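Biologist: Please pick one spot in this model and take me through it closely, then carry on from there to whatever else is worth a look.

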Amino acid sequence: MTTTKFHPESYTQALNTQSVSYESPSNIALIKYWGKHGVQIPKNPSISFTLNNCKTTTKLSFEKRTNFDEAYDLKVILDGKHKPGFEPKIHQFFGRIDEYLPFIKEYRFTIDTTNSFPHSSGIASSASGLSALALCLMEMEREMQPEMSLKHFNQKASFIARLGSGSGCRSLEGPLVVWGEHADIEGSSDVYGVQYPYEVHSVFDHYQDTILLVDKGEKPVSSTVGHNLMHNHAYSASRFDQAVENLAHLVPILKEGNLDEFVSLVESEALTLHAMMLTSKPYFILMKPNTLKIIDKIWEYRRDTSIPVCFTLDAGANVHVLYPKKDKEAVQEFIKNDLSIYCQDNRYIFDNVGNGAIKL
Ligand code: DP6
C-alpha cells in the first residue's frame, strides 16, 4: 500500500477562487467496517450502497490567513450558526491531512455546512460531512494543479475523506463502493474506496433504503471507541476473516441478483456487527426494544408476502430497510402502516441508492 502518491507535486497555478461547494451523501454498509488500526486502516474490507437523499452540503470559503495562533485557522458553521464544538474534530482532521494538502496551513477557512437529515435523527453526519469537506479541499488543490487526472482526484479525495471518517471514503462515488484490500476485487485498497468494478444485476438498480429513526439520543459509545474495542476482542480474528469471505460471496450474489442470499448475508452482517458490540469488553447494546420489534415485523412480512425486504443496522438503534424498487409501493405502505409506530415521533426517511458526491 503506498500513500506517497498522495503527497502533492509542486503547484503550477495560483488559487484565484474564494470558495467551493460540494454535496456528498451518506452510505450504508452491506459488509461492515468495524475495527481499524494505524491511521484509519480497516481491519477488514467493507462495501456500501451510496445513498441519495441523506447528504451534507458544504461551502468552503477561504482567504490567506493572518492569524497564526493555532496550527490551523478554521470556523465551522452548521445551519447558519457558529458551532465551535465541532472545530476540534476538524483540527484533528487537518492535522492528519496536512502532509498531503500542505496549503491548508496558509488559509483561513469557513466551513459552512448543512445536512439534509435532522441532527437529532441519530444518523451520523461524519461520512457525508467529511467527504464533502475532503472534496472541497481537493478542488482547491485541483485549481493549483489543473493537470491532475480525474482518477487521481477521486482516489486522493477518498483517501483524504478516510482520514476524517473511515466510512466517509465510501461516499464519493456510487452506487456500490468497496474499501479495504480484497483479493477478488480488482483495484481495492485499504487507503481509499473504489467503485465496485463488476457486473451488478438490474434488480439492484435504484435499490430502496428507508431509514427508520428509532432513537435520536446520543450514542453511548462513539464509533472510534467501538472500533478500538475490536483490538482485544475474543472473536475479532474470525470476524475479520468472515468479512473477507462474505465479500467474496457477495460478488456472485450481486451479479445474479440472488435476493434470497442477499437478504441473508446483509442481515447476518448487521447482526454480527452488533454481536461484536455485545461481546466486547466493556460490552454495550446499541439496539433498542423497538429495533427488535421492527426486525420481527420485517421477518413476519417477508414470510407472509415473499417480498425480499431486509434490514441492516449501523452503529446505532436506527434500522435501514432495504428492498427492490419494484416492491416500493407495497413496502412503503407496510412501513407507514406497521413500522412507523416504532419510530421516534413516527419519523422515517425514504432514500434510495445514489451515485455519489456532486460539485455545486
Ligand atoms: C458501523 O466510519 O464512523 O457504520 O473511521 O472512526 O470515523 P471512524 O468510524 P466510522 O465507522 C462506521 C462503522 C459502521 C459500519 C460501516 O459503515 O462500515
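Modeller: Let's start with Thr50, which is buried, at a relative accessible area of 0%. Buried here means under 20% relative accessible area, exposed means over 50%, and partly exposed is in between, with a 1.4 Å probe and protein chains only. Before going on, keep in mind that this is a predicted model: local features need pLDDT of at least 70, side-chain atom pairs count only at pLDDT 80 or more, and totals for chains, interfaces and linings use all residues. Residues are numbered from 1 along each chain as its sequence is written, and side-chain values use heavy atoms, leaving out hydrogens and water.

Thr50 sits in strand E4, residues 46–64; helices (H or I, at least four residues) and strands (E, at least two) are DSSP runs, numbered from the N terminus. A polar atom of the Thr50 side chain is 2.6 Å from the backbone oxygen of Glu173. That's a polar contact: N or O atoms within 3.5 Å, and within protein one must be able to donate a hydrogen and the other to accept it, with sequence neighbours counting only if both atoms are side-chain atoms.

Now the ligand. Its shell has 16 residues, and Tyr33, Lys36, Gly166, Ser167 and Arg170 come nearest; a residue is in if one of its heavy atoms lies within 4 Å. By type, the shell splits into 5 nonpolar, 7 polar and 4 charged (Ala, Val, Leu, Ile, Met, Phe, Trp, Tyr, Cys and Pro are nonpolar, Asp, Glu, Lys and Arg charged, and the others, Gly among them, polar). Helix H4, residues 223–228, gives the largest share, with 3 residues.

Oxygen from the ligand also pairs up with a run of residues. An oxygen atom lies 3.5 Å from a side-chain N or O of Ser165, one is 2.8 Å from a polar backbone atom of Gly166, and one is 2.7 Å from a side-chain N or O of Ser167. On its own the ligand exposes 460 Å², and the protein buries 91% of that (Shrake-Rupley areas with a 1.4 Å probe).

Over in helix H5, residues 236–256, you'll find Ala248, partly exposed at 25% relative accessibility. Ala248 touches His182 and Asp184, leaving aside residues up to four places away in sequence, where contact means heavy atoms within 4.5 Å. Asp184 is 64 residues from Ala248 in sequence, yet their C-alpha atoms are 6.6 Å apart.

Last stop, H6: at its start, a side-chain oxygen of Asn258 comes within 3.3 Å of the backbone nitrogen of Asp260.
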